[in-house]
Amino acid sequence: MKDNKKKVFTIMITSFACIAAVLFLMPTVLTIANSFMTSSEISANYGAMYGNMTEDTKTFISEDVNLKFIPDKVSASQYASVLFKSPEYLFKFWNSVALTVPITMFQLLTAIFASYGFSRYQGKIKSIIFFSYIILMLMPYQVTLVPNFLVAEKFGILDTRWAIILPGIFSPFSVFLLTKVMKRIPVSYIEAAKLDGANEFQILFRICLPLCKGALVSIAMLVFIDYWNMVEQPLVLMKEADMHPLSVFLSQINTGDVGLAFAVGTVYMVPTVLMFLYGEDYLVEGITYSGGIKG
């Protein structure tokens with residue numbers, strides 16, 4: 001009787017998970033499939049969404065929209081327009097890369113040294129600073145956006161990439177997570193390294209970082225995805241539209257060719273999807289084993 005109940009429960013949970021997965025993946029699959037449609041097919045299926053538009057307003061009319069997951073005719077014309085005929089989309093893409101990659105790399109580098117200090121040394125000052133990190137991490141970015149704007153204006157970096165990169169480098173998110181991981185490393189490992197004559201840098205790079213490899217990759221993925229999708233920071237801290245990343249520009253291309261919106265959206269997803277496919281094992285390891293040391 002218990003076995004039957006367990007099987008029914010397992011079937012119900014599995015069915016719910018499958019339905020949730022399908023619903024979650026549906027917008028992504030729809031975007032990719034529609035990016036290979038011809039312009040005429042996209043207009044026939046989605047033209048009703050934009051039937052009454054002006055330069056300043058967009059009114060949705062009540063006609064039914066035909067959602068299609070399989071194109072009648074596969075066409076790469078949308079990608080040809082995005083990659084070769086409309087260079088502004090690629091410029092926005094590289095703007096995203098120029099902002100996200102430095103933030104991810106240097107935030108992780110900052111977190112490595114800060115987390116090692118927080119995990120290795122004790123004291124009231126350290127506790128106060130780390131508590132401040134937690135408070136800052138719990139605050140939504142919109143709360144600190146105005147202070148960031150004022151500081152950037154004071155230092156003369158407003159309307160430049162540095163206004164976004166510098167606050168991103170010193171974000172507390174990575175420091176907080178990596179500190180928790182490094183605290184899980186057994187003290188016996190570090191003491192053994194000291195007995196062998198290792199200094200602090202050798203302990204960090206030969207003991208701690210190899211054990212935190214899964215956590216480092218996980219944190220890098222989360223930071224990259226977070227800043228790859230940022231919208232508020234560029235809109236507030238950079239007035240020049242030419243410097244905005246693709247995440248900001250995606251909301252504007254819908255006012256034009258809907259087909260290009262699908263193609264650009266698909267191109268926009270490529271880096272994050274590739275990163276997830278490459279780092280999936282590390283992500284699971286970082287969450288489950290907390291940097292290689294099972295909890």
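Predicted model: local features only at pLDDT ≥ 70, side-chain atom pairs only at ≥ 80, totals over all residues.
Student: What makes Phe201 and Phe205 a stacked pair?

Tutor: Let's get there through the other partner of Phe205. A search of the whole structure turns up 10 aromatic pairs. In one of them, the rings of Phe113 and Phe205 have centres 6.2 Å apart and planes at 70°. Rings pair if their centres lie within 6.5 Å, and planes over 60 degrees apart count as edge-to-face, so that is the name for this pair. Phe113 belongs to helix α4 (residues 87-120) and Phe205 to helix α10 (residues 200-211), so this pair links distant parts of the chain, 92 residues apart. Now for your pair: Phe201 and Phe205 have ring centres 6.5 Å apart and planes at 5°. That angle is under 30 degrees, so the pair is stacked.

Student: Where do Phe201 and Phe205 lie?

Tutor: Both are in helix α10, four residues apart, which is about one turn of the helix.

Student: How do you know that Phe113 and Phe205 are partly exposed?

Tutor: Phe113 comes out at 39% relative accessibility, and Phe205 has a relative accessible area of 42%.

Student: Which residues do ring pairs link into a cluster?

Tutor: That cluster is made of Phe93, Trp94, Phe224, Trp228 and Tyr268.

Student: What makes Arg120 and Glu200 a salt bridge?

Tutor: Their side chains meet at 3.3 Å, N to O. The limit for a salt bridge is 4 Å, so the pair qualifies. A search of the whole structure finds one salt bridge. The pair links distant parts of the chain, with Arg120 in helix α4 and Glu200 in helix α10, 80 residues apart.

Student: Why does Arg120 count as buried, and why is Glu200 called partly exposed?

Tutor: Arg120 has a relative accessible area of 19%, and buried means under 20%, so Arg120 makes it into that class. Glu200 has 28%, so the in-between label applies.

Student: How do you know that the charged end of Arg120 sits over the ring of Tyr121?

Tutor: The distance to the ring centre is 5.6 Å, which is within the 6 Å limit. Lys183 lies over the face of Phe130 too, at 5.2 Å from the ring centre. That value is also within 6 Å.

Student: Why is Thr179 called buried?

Tutor: Thr179, in helix α8 (residues 172-182), has 0% relative accessibility. The cut-off is under 20%, so Thr179 is buried. Leaving aside neighbours within four places in sequence, Thr179 is in contact with Ser115, Phe118, Ser119 and Phe130.

Student: What makes Val248 buried?

Tutor: Val248 has a relative accessible area of 2%, which is under 20%, so it's buried. You'll find Val248 in helix α13 (residues 246-253). Not counting residues up to four places away in sequence, Val248 touches Met230, Val231, Pro234 and Leu235.

Student: Which residues have the most contacts inside the largest nonpolar core?

Tutor: They are Ile164, Leu178, Met182, Leu204, Cys208, Cys212 and Leu216, in a core of 36 residues. The elements giving two or more residues to this core are α4, α7 (162-169), α8, α9 (187-195), α10 and α11 (213-228). Helix α4 gives the most, with seven residues. Apart from this core lies another, of 14 residues, among them Tyr79, Trp228, Phe249 and Val267.

Student: Why is Asp159 called partly exposed?

Tutor: Asp159 is at 26% relative accessibility. Asp159 lies in the loop between α6 (141-155) and α7, and has a positive phi of about 65° although it is not a glycine.

Student: How many helices and strands does the protein chain have?

Tutor: The secondary structure comes to 14 helices and two strands. Of the 295 residues of the protein chain, 37% count as buried.

Note on methods. Residues numbered from 1 in each chain as written. Heavy atoms only, no water. Buried < 20%, exposed > 50% of the residue type's maximum accessible area, 1.4 Å probe, protein only. Contact = heavy atoms within 4.5 Å. Phe/Tyr/Trp six-rings, centres within 6.5 Å; stacked < 30°, edge-to-face > 60°. Lys NZ or Arg CZ within 6 Å of the ring centre and 35° of its normal. Core = buried A, V, L, I, M, F, W, Y, C linked by side-chain atoms within 4.5 Å.
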